[in-house]
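Here's a quick tour of the fold you have on screen. Let's start with the whole chain and then zoom in.

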Amino acid sequence: MCNGYNKFYIFLYAYRILIGRFPELEPYMIYAMLASPLGWCIDEEYSFIADQYAFWWLVADVDENELEDPEDDGYLDLGRWEYFWLQLLCAEGRSEDEIIREAWFGQGRLYHFARADLFPKSEPLASFPAGQSDTLFSKLPFDVLDYLCVTYLSIREASSLLCLNRSLRGTLLPFVNTFAHKAIARRHPYWLPIVAPCLRGDEEQLRWQRMWAGLGGEVPWAPYARECAKSPGMRNRQRIWGWREI
């Protein structure tokens, strides 16, 4: 997309997500939003779009005031973002895993560069024999449990109920994927494939079907949701999904 001077490049997977959710969007509309003063703010915060002068380290969420040292301004010659990465990668007292997580999911925001159309795969939950002890939850009718889990609990909170005791696990395990599927559709629709009215617009749907073919098309929704919560690609997908709302 360009006007002869300014150019914006957008990944095909990001374009599919955008027009799959908003079919009325045309390329010139996306360009107009990016070329506006607000668009530059969007580009900085939601940089799945990069121009020809983009630098990957600028994706970090850097506050100039956080890096300002009133006693020594010399290091600022490196640039605010460069200094942020130097601080993060050389941080003392932080483990390698903590640094990597901060770079990908924290202030570093490297998840911006993860493919947002590659869904994580998961294995079904292991089953256990139900215990004999009853709890208040295990005595509730399924319809009540379904309402409580889907309406008031996150997927992680609902899944944690399986750890309370064997009786409750035996009650919920056959239905936990149903809970998770409903919660995903209601709270995390960006974790589901989308069909877009564009070139190769059904690619996500076809890839999704191939991925779960080995399980007979049955998706283990609860483990899948857990993997999505840890996936940089799905974090990026969430960001792209919400781009037009800001």
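Among contacts in the protein between residues at least 6 apart in sequence, what percentage join residues at least 24 apart? It's 75%, with contact meaning heavy atoms within 4.5 Å. Bear in mind that this is a predicted model, where local features need pLDDT of at least 70 and side-chain atom pairs count only at pLDDT 80 or more, while totals for chains, interfaces and linings use all residues. Residues are numbered from 1 along each chain as its sequence is written, and side-chain values use heavy atoms, leaving out hydrogens and water.

The protein has 14 helices and two strands (DSSP runs numbered from the N terminus: H or I of at least four residues for helices, E of at least two for strands). Of the 246 residues, 39% are buried, meaning under 20% relative accessible area with a 1.4 Å probe, protein chains only. The accessible surface comes to about 14400 Å², and 55% of that belongs to carbon and sulfur atoms (Shrake-Rupley method, 1.4 Å probe).

Now zoom in on helix 12, residues 203–211, where Glu-203, Glu-204, Arg-207, Trp-208 and Met-211 are buried. Looking down the axis of helix 12, its buried residues fall within an arc of 135°, so they line one face of the helix; the arc is taken from the directions from the helix axis to the C-beta atoms. Their cover includes helix 1 (12–21), helix 13 (221–229) and helix 14 (232–241).

Take Glu-203, which sits in helix 12. Glu-203 counts as buried because its relative accessibility is 19%. Its side chain makes a polar contact of 2.8 Å with the side chain of Arg-200 (a pair of N or O atoms within 3.5 Å; within protein, one must be able to donate a hydrogen and the other to accept it, and residues adjacent in sequence count only if both atoms are side-chain atoms).

Methods. Buried < 20%, exposed > 50% of the residue type's maximum accessible area, 1.4 Å probe, protein only.
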